[in-house]
Amino acid sequence: MPEIKVTPLGAGQDVGRSCILVSIGGKNIMLDCGMHMGYNDDRRFPDFSYITQNGRLTEFLDCVIISHFHLDHCGALPYMSEMVGYDGPIYMTHPTKAICPILLEDFRKITVDKKGETNFFTSQMIKDCMKKVVPLNLHQTVQVDDELEIKAYYAGHVLGAAMVQIKVGSESVVYTGDYNMTPDRHLGAAWIDKCRPDILISESTYATTIRDSKRCRERDFLKKVHETVERGGKVLIPVFALGRAQELCILLETFWERMNLKAPIYFSTGLTEKANHYYKLFITWTNQKIRKTFVQRNMFEFKHIKAFDRSYADNPGPMVVFATPGMLHAGQSLQIFKKWAGNEKNMVIMPGYCVQGTVGHKLLSGQKKLEMEGRTTLEVKLQVEYMSFSAHADAKGIMQLIRMAEPRNVMLVHGEAKKMEFLKDKIEQEFTGISCFMPANGETTTIPTNPSVPVDISLNLLKREAAFGGPLPDPKKPRTMHGTLIMKDSSLRLVSPEQALKELDLNEHQLRFTCRVQLQDPYSDTDTLSRVYNHLKSVLKGYTVQHLPDGTVMVESIVLKVSSSAEDPNTKVVLLSWSYQDEDLGSFLSSLLRKGLPP
Amino acid sequence: YTSHLRIEQHPHEEVPAKKLRLTKPSKSAALHVDLCKASSPTDALQYLLQFARKPVEADSVEGVVRILLEHYYKETDSSVRLKIASLLGLLSKTQGFTPDCIVDDVINTLNSERSHQVLAQLLDTLLVIGTQVPESLNMRHRLIDVACKHLTDTYFGVRNKCLQLFGCLGSVDKPLPRESEGGGTGMAAKDVQSIISDYFGDQDPRVRTAAIKAMLQLHERGMKLQQIIYNQACKLLSDDYEQVRSAAVQMVWVLSQLYPESIVPIPSSNEKIRLVDDSFGKICHMVSDGSWVVRVQAAKLLGSMQQVSPHFLEQTLDKKLMSDLRRKRTAHERAKELYSSGEFSSGRKWADDAPKEKVDTTAVNLIDSGACGAFVHGLEDEMYEVRIAAVEALCALAQSSPSFAEKCLDFLVDMFNDEIEEVRLQSIHVLRQISTHITLREDQLDTVLAVLEDSSRDIREALHELLCYTNVSTKECIQLALLELLKNLTKYPTDRNSVWKCLKFLGSRHPTLVLPIVPELLSTHPYFDTPEPDMDDPAYIAVLVLVFNAAKSCPTMTALFSDHTFRHYAYLRDSLSHLVPPLRLPGRKLTSAPEASGLASSVESAQNFLKESLTRVCSVQQLDAPGAQSLLEFTIRDLQRLGELQTELAGTADFCATYLHCQLLLMKALQDKLWSVAVPLYLKQNAMVSGAAAQVLEETYKLEFLYSGLESRQIASIHHVRLQAKALQLVLLARTRRGVEPLLSACEKFLHEVDAFQRLFVTELPHFQDSFVDKLLDIMPRLAGSKPADLVKILQTTLRHSCFPQLKLPEQIRRATAAIIEPTGESDNPLRFTSGLVVALDVDATLEHVQDPQTTVKVQVLYPDGQSHVIQPKPADFRKPGPGRHRLITQVYLSHSAWTEPCQIDVKLLLAYSSSTSRSLGPRSAWNESTEGPTPLESTIEGTIPLSKPVKVFIMPKPARR
């Protein structure tokens with residue numbers, strides 16, 4: 001029985017370090033190659049020794065596919081390809097290919113230059129790794145080799161995020177990566193066709209959440225910013241450089257435009273500018289509004305948002321500043337925060353989740369006095385707001401995707417075990433016939449598949465069979481047909497028996513069954529024969545029953561002869577002979593005659 | 001020389017070949033020749049393609065069809081046969097050709113045709129023929145038989161066409177008759193619907209779609225669909241192909257409208273629900289379909305399912321939020337709670353959206369909850385088409401269910417923040433439409449008012465309109481609204497009128513809420529006198545408009561006014577009378593009569609008065625009758641006054657007055673005794689008469705084009721007056737000029753016009769008994785032959801001795817009016833620009849009852865030196881805020897050479913007309929042009945009528961500095 005094997009090396013009942021191995025139809029594919037944010041030791045990268053203890057991975061993997069540029073999906077890529085060793089193709093979409101190296105480089109800088117780690121991948125390794133990348137387009141079917149093909153679907157989430165369908169023959173797997181089923185200000189919603197994969201590997205970050213409409217949150221955000229700016233206050237929005245930051249920029253930019261506001265908006269420079277450049281280029285990956293209006297104006301060419309300079313923070317009057325990093329633990333955002341914290345007119349808006357121990361977390365939990373380094377305390381007078389924008393599908397969204405794709409099995413990854421449990425139950429309960437899996441890291445799930453085997457059928461045979469039934473084949477009802485299956489040079493053909501014999505140069509063997517039936521019948525042989533004839537004629541309506549002059553009765557191709565036995569002239573022996581093809585009729589006749597003739 | 005030589009030689013050879021052709025070359029013959037000449041199928045195809053480009057006359061169609069069929073039988077190439085088949089279809093559409101004669105041939109060819117594509121095309125031809133002759137039952141049965149026979153074809157196109165035939169021709173009234181067994185198949189005895197529904201499960205999605213469409217077509221033609229197909233239709237909702245799903249959604253909807261109350265079982269449970277509820281749930285489910293086309297379709301249809309139970313309806317707005325398996329309240333619920341607990345500010349606290357109680361895991365249903373959250377999804381959709389459809393559906397449902405309206409309010413308000421302006425605008429409009437059902441809470445009003453700062457003028461004005469109709473609950477709301485509106489006013493001063501109007505309605509709607517805040521609004525103080533506010537401040541006027549309108553139904557309010565408020569009232573009542581209502585002020589006599597009582601009856605009495613005065617005027621049969629003139633004068637005055645008093649009748653009264661004024665002018669011109677006196681002595685009177693004639697002419701154009709709602713009878717009357725005026729001009733011409741030549745042509749022209757009148761208004765002629773035209777037409781044959789001098793004499797007498805026809809009024813006549821709002825003409829600051837370059841002047845005007853303003857309304861700019869420019873605004877500059885109303889917001893480019901000091905230019909709107917675009921002439925003249933060529937008299941008269949009062953704009957072109 002053919003089967004698909006899936007083993008998560010990371011992201012199994014866990015968030016971070018996404019890395020999933022799939023074996024399908026004899027091919028091995030690695031889906032994503034991420035790092036874990038929570039660890040600083042070996043555990044941050046997937047355990048590639050699972051694949052092979054020593055040596056390079058190239059011979060064990062047919063391809064690597066990266067779903068999007070977030071580090072928990074691509075952070076281990078240079079390590080895997082350059083340090084462990086992999087030379088095969090790496091597939092990712094164009095925007096991912098463009099933005100991914102920027103993030104990797106940033107990641108490397110922080111780990112090596114700031115934290116002083118050694119034995120880490122170098123800039124050159126990132127470059128070498130990117131050389132192995134083969135870019136993908138949406139809905140483009142790429143042949144990795146003769147049998148393995150992959151196809152990308154739009155996934156929302158971040159620019160360039162994709163879901164991938166992996167197909168070998170008629171077996172297929174869909175891996176979603178991270179996706180979002182509700183559109184936002186700059187990206188559309190994930191979409192997939194009814195591709196009915198054998199298994200759908202879906203993220204499940206928000207497995208137990210059903211979210212409110214986005215509009216309220218947006219409106220709240222805008223209102224808060226607007227009110228503060230009108231009061232003459234300053235607004236600080238700490239963000240991470242890519243993803244949500246762009247969404248918030250678009251949101252504020254359009255709002256400024258709509259409301260004709262004049263207060264300046266700044267964006268602290270850094271890798272953002274480079275990334276924004278790519279956002280401008282990959283317009284086709286954004287949502288309907290941006291795609292339709294970019295001819296008049298590219299929405300990412302911000303009119304109101306300018307680059308930030310350190311000195312601007314002391315300028316009088318209202319302003320809005322986006323600054324990195326997002327949790328206020330270091331860098332520019334913290335510097336600005338220190339300057340503005342003392343004024344109650346100002347406001348800080350935390351657009352995401354903050355890790356414990358960071359300034360952001362302290363603020364959110366309501367601390368009014370913060371201890372800074374150097375034993376100084378900072379009194380927080382400014383207003384603190386929390387605003388959550390998330391780009392993952394919620395429980396309803398996951399169900400919606402399952403409904404769209406109609407998979408036979410679902411596998412949940414990239415989420416917490418407890419939450420997955422709930423969703424797993426729901427999926428199995430609400431979709432009949434779909435079984436759901438949630439393997440832990442290193443745990444292999446095996447799914448038996450039932451691939452259909454395509455067979456070429458000869459046209460003559462098909463026409464002959466079609467002539468029996470109705471004019472149109474009914475796709476809902478299977479039909480049996482007679483034919484010969486020829487397997488030759490890895491091709492399968494169904495032909496009529498005669499043609500098969502001819503092709504294989506074989507002689508046809510006739511197979512005949514004969515049987516004797518004894519009858520008690522006190523007539524002469526010829527009379528008995530005619531009685532048999534009449535009897536059969538009356539029973540078998542619709543068959544050709546012939547009385548031949550040579551003293552035989554023919555029913556279709558079945559021959560009947562009558563002879564009296566040597567001992568008892570009243571006991572007649574009927575000789576029946578039929579060919580293999582008429583087995584049904586022959587056995588029917590023999591049992592019929594055994595019952596005797598009517599008087 | 002050489003060319004000459006060649007000409008010499010050639011005729012010699014060619015002469016015998018030339019023949020004089022007396023008949024028009026027959027189309028059919030030409031085609032025949034072409035087809036015979038064709039050596040290859042591609043050639044033949046080319047000929048046919050060329051042939052198809054030209055129209056064929058009705059009488060030669062038959063012949064052409066025969067030739068085509070003849071060729072068809074011979075042709076071996078299927079593409080040529082296909083083209084012929086499609087040509088047959090095209091030809092049978094020719095007007096005046098009855099295609100039943102070719103049905104037999106087409107059916108015959110069907111039987112012998114082998115190619116599936118050609119078969120499909122032939123069936124299409126039959127479909128065309130069948131729809132051309134819808135009455136013939138016999139033919140329909142035959143065609144249905146043919147369709148039955150080919151339904152089992154293996155090619156999808158053929159099955160498609162057969163199903164289409166069923167849909168378009170399947171008999172509506174009864175099952176197919178059994179006697180049509182000539183067709184032979186047993187299927188014919190079956191009911192059309194069951195035949196079609198067999199194909200719901202076809203293997204080809206296109207055929208499935210065609211089957212559903214055929215069914216829908218039957219429904220449209222009035223056949224009642226059977227309920228049994230409901231289950232099949234529901235199954236098709238989960239089809240793999242979007243066009244099938246899209247059609248199936250429609251099908252389910254149709255069935256839900258047909259059998260709303262019948263009961264269907266819920267699968268996998270013993271419960272049963274109403275069919276309309278079931279289908280509502282299913283269509284809601286389609287709002288989250290994978291294809292946006294289906295989503296739009298589903299969202300649209302939801303709006304029309306008003307019979308659905310409220311329980312299901314309210315589910316569409318509830319998504320059953322949870323977070324981490326805990327039940328969570330939506331932001332809307334939280335806002336409401338905060339508001340009712342007295343604390344008005346949302347989201348200030350960290351984790352105030354923290355989830356509450358734990359959810360029972362087994363009870364959570366993630367997908368199969370039918371209607372759950374359908375609109376939440378629809379309003380959040382990626383495609384704005386879906387969002388608009390969802391907003392519209394919300395509107396339709398909310399209008400029929402007040403409780404639903406209350407619930408969907410929050411969602412609509414949220415849509416004000418959409419990224420696409422169209423969606424925002426639409427949701428504001430929708431909210432206005434349902435605003436009668438709802439009262440806005442303070443926090444909701446707050447969100448609504450935030451939009452007032454939008455830079456788009458359309459959005460702001462839509463919002464003002466919305467505020468006009470909104471009910472609010474507290475005095476704080478009024479204060480808030482006023483504050484925001486004033487803010488709006490300072491930010492966008494051009495919104496002045498709209499803001500004032502909005503405050504007028506806000507005041508008159510909520511007098512009791514305004515009352516407690518009046519002292520604050522007017523900043524009065526119980527002991528101290530406060531400084532008198534500036535009367536020209538638009539913000540102060542805005543406040544006053546609010547207060548005065550509230551005071552109208554709240555008499556105690558006037559006690560709170562200070563002295564200057566009364567003075568300002570008097571001033572505003574005069575200057576902005578449409579915004580400030582009459583108030584019952586202490587110590588002042590109430591001037592205007594109580595108008596609220598019996599408004600309807602006063603309209604009626606006014607109408608009676610109008611009718612009476614018209615009949616009275618009609619009694620003036622003879623123009624010379626004593627007192628006729630003064631009667632007319634009085635009536636005209638009465639009518640004008642009536643128009644001012646009764647706005648409903650203004651158009652009608654105005655129209656009558658103008659018409660009578662024309663009559664009066666004519667009467668005066670003819671009555672003078674000057675006609676019997678020698679000409680040279682009465683030059684002065686002559687001038688007077690010619691002026692009158694010209695004025696009458698001008699007035700008739702106004703009558704014809706400025707008023708809408710005229711019927712052809714009134715137009716005939718107008719043309720009649722015009723004819724009289726022209727006759728008068730002719731007579732004058734004859735008396736003043738000696739030359740015969742101009743007179744001759746003028747006479748001819750006039751006769752032409754009489755002729756045209758007769759042709760145009762044949763049906764109206766009986767109403768013109770005894771009138772000028774009637775008399776003229778009686779002696780027309782004589783006129784045509786007579787000399788100009790005689791003609792003039794006849795005209796003169798007829799003019800004087802004919803009575804004028806009675807004016808019959810149509811239901812309602814509306815006068816096209818326009819008012820320029822911007823520029824106001826008040827500015828003393830000249831618009832300075834460098835001469836030779838252009839300056840853009842913003843023009844904002846409202847148009848009422850102007851038909852097709854995009855083509856007719858123009859802006860005229862008149863410079864002080866007499867130069868005038870007419871500018872045609874872009875079609876996109878016209879908006880349509882309401883029925884009969886248009887708004888023109890455009891920019892006019894001005895330019896001029898340098899002046900020494902600022903001067904005023906006149907800007908006004910013009911209504912362009914041309915006789916050929918006149919309503920009664922429209923189709924007729926088009927036909928004329930194609931057959932006989934344009935008649936000069938009918939198409940050349942073009943001109944403009946001033947539509948608005950001119951506005952003066954100060955401009956100053958300066959010489960360019962070097």
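Eight salt bridges are found across the interface of chain A and chain B, a salt bridge being a side-chain nitrogen of Lys or Arg within 4 Å of a carboxyl oxygen of Asp or Glu. The model is predicted: local features need pLDDT of at least 70, side-chain atom pairs count only at pLDDT 80 or more, and totals for chains, interfaces and linings use all residues. Residues are numbered from 1 along each chain as its sequence is written, chains are lettered from A and ligands numbered from 1 in the order in which they are written, and side-chain values use heavy atoms, with hydrogens and water left out.

One of the salt bridges joins Arg258(A) to Asp454(B), with 2.9 Å between the closest N and O atoms. Residue pairs in polar contact between chain A and chain B number 23, both residues being at pLDDT 80 or more. A polar contact is a pair of N or O atoms within 3.5 Å; within protein, one must be able to donate a hydrogen and the other to accept it, and residues adjacent in sequence count only if both atoms are side-chain atoms. On the chain A side, the elements that give two or more residues are α5 (214–231), α6 (244–259), α8 (288–293), β19 (383–386), α11 (395–405) and α12 (417–430). Helices (H or I, at least four residues) and strands (E, at least two) are DSSP runs, numbered from the N terminus. Helix α5(A) gives the largest share of this side, twelve residues. By class, the side of chain A that touches chain B holds 27 charged, 20 nonpolar and 13 polar residues. Here Ala, Val, Leu, Ile, Met, Phe, Trp, Tyr, Cys and Pro count as nonpolar, Asp, Glu, Lys and Arg as charged, and the others, Gly among them, as polar.

In total, 60 residues of chain A are in contact with 64 residues of chain B, contact meaning heavy atoms within 4.5 Å. About 5400 Å² is buried between the two chains, and carbon and sulfur atoms give 48% of this area. Buried area is the accessible area (1.4 Å probe) that two parts lose on being put together, summed over both.

His226(A) lies in helix α5 of chain A. It is buried, at 9% relative accessible area; buried means under 20%, exposed over 50%, and partly exposed in between (1.4 Å probe, protein chains only). Beyond its neighbours within four places in sequence, His226(A) contacts Phe255(A), Leu261(A) and, from the other chain, Glu453(B). Thr254(A) belongs to helix α6 of chain A. Thr254(A) is also buried, with 17% relative accessibility. Its side chain reaches the backbone oxygen of Leu251(A) at 3.0 Å. Residues up to four places away aside, Thr254(A) touches Arg185(A) and Met299(A).

Arg56(A) sits in the loop between β3 (27–31) and β4 (63–65) of chain A. It is partly exposed, with a relative accessible area of 40%. Its side chain makes a polar contact of 2.9 Å with the side chain of Asp87(A).

Chain B comprises 41 helices and 18 strands. Of its 962 residues, 50% are buried. Helix α13(B) (residues 242–258) has 17 residues. Its buried residues include Val244(B), Met251(B) and Leu255(B). The buried residues of this helix pack against α11 (205–220), α12 (229–236), α14 (275–286) and α15 (292–302) of chain B.

Key. The expected span of a helix is 1.5 Å times one less than its number of residues.
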